Amino acid sequence: MVPDALQRRPLGPLSLNTATVREQWSLAQMIEACARHGISGIAPWRDKLDELGVERAAAMIRSHGLTVTGLCRGGMFPAADAEGRRAAIDDNRRAIDDAATLGARCLILVVGGLPVASRDLAGARAMVRDGIAAVLDHARAVGVPLAIEPLHPMYCADRCCINTLDQALDLCDELDPVRSADQAGGGPAALGVAVDAYHVWWDPGLDAALRRAGPRRLLAYHVCDWLVPTTDLLLDRGMMGDGVIELRALGQKMRDNGYQGFDEVEILSRRWWSVDGDTVLQTLCERHRQHC
Ligand code: ZN
């Protein structure tokens, strides 16, 4: 039973990350479904974007009145050789251009882990720093903020060697020390962070890191829940309310620290991929009202 006060609470800005229903729908179907369910934001992954074509996607998203809360994703900078690192930088430039075409609020960076057969974690982190540094001016020039998304440490080897919000903010301060937009008097910094509840909820330094980030660096907020037990490292994320994350408190902290964007629902889950797409969207709207 949901108390009346919660049911009456107005629905905050909600965005659908396309990973949530990626097995059920094409991007075109998702755009229509968002409009149908009163979801006002969308965050496409690039595989879905490529299927539809970026120009067509941009036009369709615009005509449905949706905000693009982020493009997923750039990053994956470390590679075994210089050619691989160059290819990653080129790919990130393309992603930045696509994000600009979409009018995305940011490009999400999942920065990458260790190169194949490497044990050099410090080296991988240096490649990440150098990779972001190599594309930051282009991102600035086309007006697309880059959002470093720290991932839970279990992904350190294969997906992302930036694992806490503070570590991401250290990189922001190193590469974008003046917080660009601070000087211009408003708007997001050129380099900031995406806070994903699933990846950061366990961190004892989280509250201080959110304060440190502040409004200019808090570029995106992803929600889902941490299930106990979690049965798959990648594909067993929970629907909000089914796990142990205090999502309402975390959402409040985001806003207390100046975040004014959307709650983007990103659930990679075999279980939810087997459910009818409209049921998933209906459920996540209800759970967002109840728990976020
Ligand atoms: Zn995320």
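Which strands does helix H7 lie across, and at about what angle does it run to E7? I looked there to begin: helix H7 (residues 165-175) lies across strand E6 (146-148) and strand E7 (191-196), and runs at about 170° to E7. My angles run from 0 to 180 degrees between N-to-C directions, with axes as lines fitted to C-alpha atoms, for helices over the stretch in contact. Helices (H or I, at least four residues) and strands (E, at least two) are DSSP runs, numbered from the N terminus.

**Ground rules.** I am working with a predicted model, where local features need pLDDT of at least 70, side-chain atom pairs count only at pLDDT 80 or more, and totals for chains, interfaces and linings use all residues. Residues are numbered from 1 along each chain as its sequence is written, and side-chain values use heavy atoms, with hydrogens and water left out.

**The sheet.** I traced an open sheet of nine strands with parallel pairing, in the order E3-E2-E1-E9-E8-E7-E6-E5-E4. Strand E3 (67-68) and strand E4 (71-75) are at the edges with a single partner strand each, so one side of each has no neighbour in the sheet. Helix H2 (residues 27-37) packs on the sheet, where it touches strand E1 (14-17) and strand E2 (41-43), and its direction makes about 160° with that of E2. Touching means contact, that is, heavy atoms within 4.5 Å.

**Around E1.** Next I checked the pairing, which takes at least two DSSP bridges between two strands. E1 pairs with E9 in the parallel sense over three bridges, and Leu 16 stands opposite Val 265 in E9. Three bridges also join E1 to E2, again running parallel, with Asn 17 opposite Ala 43 in E2.

**E8 and E9.** I found two bridges joining strand E8 (residues 218-223) to strand E9 (residues 263-265), and the two run parallel. Val 223 faces Val 265 in E9.

**Two helices.** The axes of helix H10 (residues 206-217) and helix H11 (residues 247-256) come within 9 Å and cross at roughly 30°. That makes H10 roughly parallel to H11 (angles under 35 degrees; over 145 is roughly antiparallel, 65 to 115 roughly perpendicular and the rest oblique). I see Leu 206, Asp 207 and Leu 210 in H10 meeting Leu 250, Lys 253 and Met 254 in H11. Gly 214 also sits in helix H10, and is buried at a relative accessible area of 9%.

**Rings.** How many aromatic pairs does a search of the whole structure find? I got three, counting rings of Phe, Tyr and Trp (its six-membered ring) with centres within 6.5 Å; planes under 30 degrees apart are stacked, over 60 edge-to-face and the rest tilted. Tyr 221 and Tyr 259 have ring centres 6.4 Å apart and planes at 75°, so the pair is edge-to-face. Tyr 221 is in strand E8 and Tyr 259 in the loop between H11 and E9, 38 residues apart, so I noted this pair as a link between distant parts of the chain. Tyr 221 is buried at 2% relative accessibility, and Tyr 259 is buried at 6%. Finally, I noted that Tyr 198, Trp 201 and Trp 226 form one aromatic cluster.

Terms used
Buried means under 20% relative accessible area, exposed over 50%, partly exposed in between (1.4 Å probe, protein chains only).
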